[in-house]
Every structure is written in C-alpha cells, then in structure tokens.
Amino acid sequence: ADLVTELYPRKPYAVEQKVLVVLWHLLGNMTHSGSLPGAGGNIRTATAKLSKALFAQMGHSLLTHAASQPPHIKKSLEEFLEIAT
C-alpha cells in the first residue's frame, strides 16, 4: 500500500497493471476469516490498506476496474472501502 502511494503518481499504468492483479487475487481468495486458503495469518488488514491506498490514488476508476471482476470481488472491495451498494 505504501508503494502505491509513492509510485502511482509517477507510473499509474504500471501500478494498475501489477497491483490490481494482486488485489483481485486477495479479494477473490480470502476466506471469511480473513486468511487465504493454505496460508497462515490474517491478511484482511493488509488487503483493506491496499484497497484504500488504491482508491485514494485512482478514485472511482478503481470501481470501474472492479466492475469487470466477478461480483464477489467487487462486493468485497466495496466492503473494504465501506461503500454502500
């Protein structure tokens, strides 16, 4: 998330190409408890921080990108951003 804040202003395309893939993976595979299957530890906090950092840089275009993802990923992102649907 810290890298997003630092790099997005200079290389927005690169951040979108690389970091959004990671975000979609995290949102799509996270269990309800906040972990990834087969992985130890809770990643919910880190995923929330990444989501908010991307939204701070990208604004509503992040939601536009999320619209092309499966519905559960878009919903998870909106929950992290606390956006009413």
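Among contacts between residues at least 6 apart in sequence, what share joins residues at least 24 apart? The share is 54% in this chain. The model is a predicted one.

**View 1. The chain holds 5 helices and 0 strands.**
Along the sequence, the pattern reads α-α-α-α-α. The chain has 85 residues, and 38% of them count as buried. A packed pair is described by the angle between the two axes and the distance between them.

**View 2. Helix 2 crosses helix 3 at roughly 145 degrees.**
Helix 2 covers residues 12–29, and helix 3 covers residues 44–58. Their axes come within 11 Å. The crossing is left-handed. Helix 2 brings Val15, Glu16, Val19, Leu20, Leu23, Leu26 and Leu27 to the contact. Helix 3 brings Thr47, Leu50, Ser51, Leu54 and Met58. Sorted by class, this contact of helix 2 with helix 3 has 9 nonpolar, 2 polar and 1 charged residues.

**View 3. Helix 2 also meets helix 5, at roughly 95 degrees.**
Helix 5 spans residues 71–81. The axes of helix 2 and helix 5 come within 9 Å. The two helices are therefore roughly perpendicular to each other. On the helix 2 side, the contact is made by Leu23, Trp24, Leu27 and Gly28. On the helix 5 side, His72, Ile73, Ser76, Leu77 and Phe80 take part. The residues of this contact divide into 6 nonpolar, 3 polar and no charged.

**View 4. Helix 3 packs on helix 5 at an angle of about 85 degrees.**
The axes of helix 3 and helix 5 are 9 Å apart. That angle makes helix 3 roughly perpendicular to helix 5. From helix 3 come Arg44, Thr47, Ala48, Ser51, Lys52 and Phe55. They meet Leu77, Phe80 and Leu81 of helix 5. By class, the contact of helix 3 with helix 5 has 5 nonpolar, 2 polar and 2 charged residues.

**View 5. Helix 5 has several buried residues, including Ile73 and Leu77.**
Ser76, Glu78, Phe80 and Leu81 are also buried in helix 5. What covers the buried residues of helix 5? The cover includes helix 2, helix 3 and helix 4. Helix 4 runs over residues 61–66. After helix 5 comes Glu82. The phi of Glu82 is positive, near 55 degrees.

**View 6. Glu78 of helix 5 is joined to Lys74 by a polar contact.**
Is Glu78 buried or exposed? Glu78 counts as buried because its relative accessible area, 9%, is under 20%. The polar contact links the side chains of Glu78 and Lys74 and spans 2.6 Å. An α-helix has 3.6 residues a turn, so residues three or four places apart point the same way.

**View 7. Leu62 sits in helix 4 and is buried.**
The relative accessible area of Leu62 is 0%. Which residues does Leu62 touch, leaving out those up to four places away in sequence? They are Leu20, Leu23, Trp24, Ser51, Leu54, Phe55, Leu77 and Leu81. Among these, Leu20, Leu23 and Leu54 also take part in the contact of helix 2 with helix 3. Leu77 and Leu81 are among the buried residues of helix 5. Leu62 and Glu16 are 46 residues apart along the chain. Their C-alpha atoms are separated by 9.0 Å.

**View 8. Ala66 is another buried residue of helix 4.**
Ala66 has a relative accessible area of 0%. Not counting residues up to four places away in sequence, Ala66 touches Trp24, Lys74 and Leu77. Trp24 belongs to the contact of helix 2 with helix 5, and so does Leu77. Lys74 is the polar contact partner of Glu78. Ala66 and Leu20 lie 46 residues apart in sequence. In space, the two are 9.1 Å apart, C-alpha to C-alpha.

Notes: Residues are numbered from 1 along each chain as its sequence is written. This is a predicted model: local features need pLDDT of at least 70, side-chain atom pairs count only at pLDDT 80 or more; totals for chains, interfaces and linings use all residues. Side-chain values use heavy atoms; hydrogens and water are left out. Axes are lines fitted to C-alpha atoms, for helices over the stretch in contact, and angles run from 0 to 180 degrees between N-to-C directions. Helices (H or I, at least four residues) and strands (E, at least two) are DSSP runs, numbered from the N terminus. A crossing is left-handed if the near helix is turned anticlockwise from the far one by less than a right angle, and right-handed if clockwise. Contact means heavy atoms within 4.5 Å. Ala, Val, Leu, Ile, Met, Phe, Trp, Tyr, Cys and Pro count as nonpolar, Asp, Glu, Lys and Arg as charged, and the others, Gly among them, as polar. Angles under 35 degrees count as roughly parallel, over 145 as roughly antiparallel, 65 to 115 as roughly perpendicular and the rest as oblique. Buried means under 20% relative accessible area, exposed over 50%, partly exposed in between (1.4 Å probe, protein chains only). A polar contact is a pair of N or O atoms within 3.5 Å; within protein, one must be able to donate a hydrogen and the other to accept it, and residues adjacent in sequence count only if both atoms are side-chain atoms.
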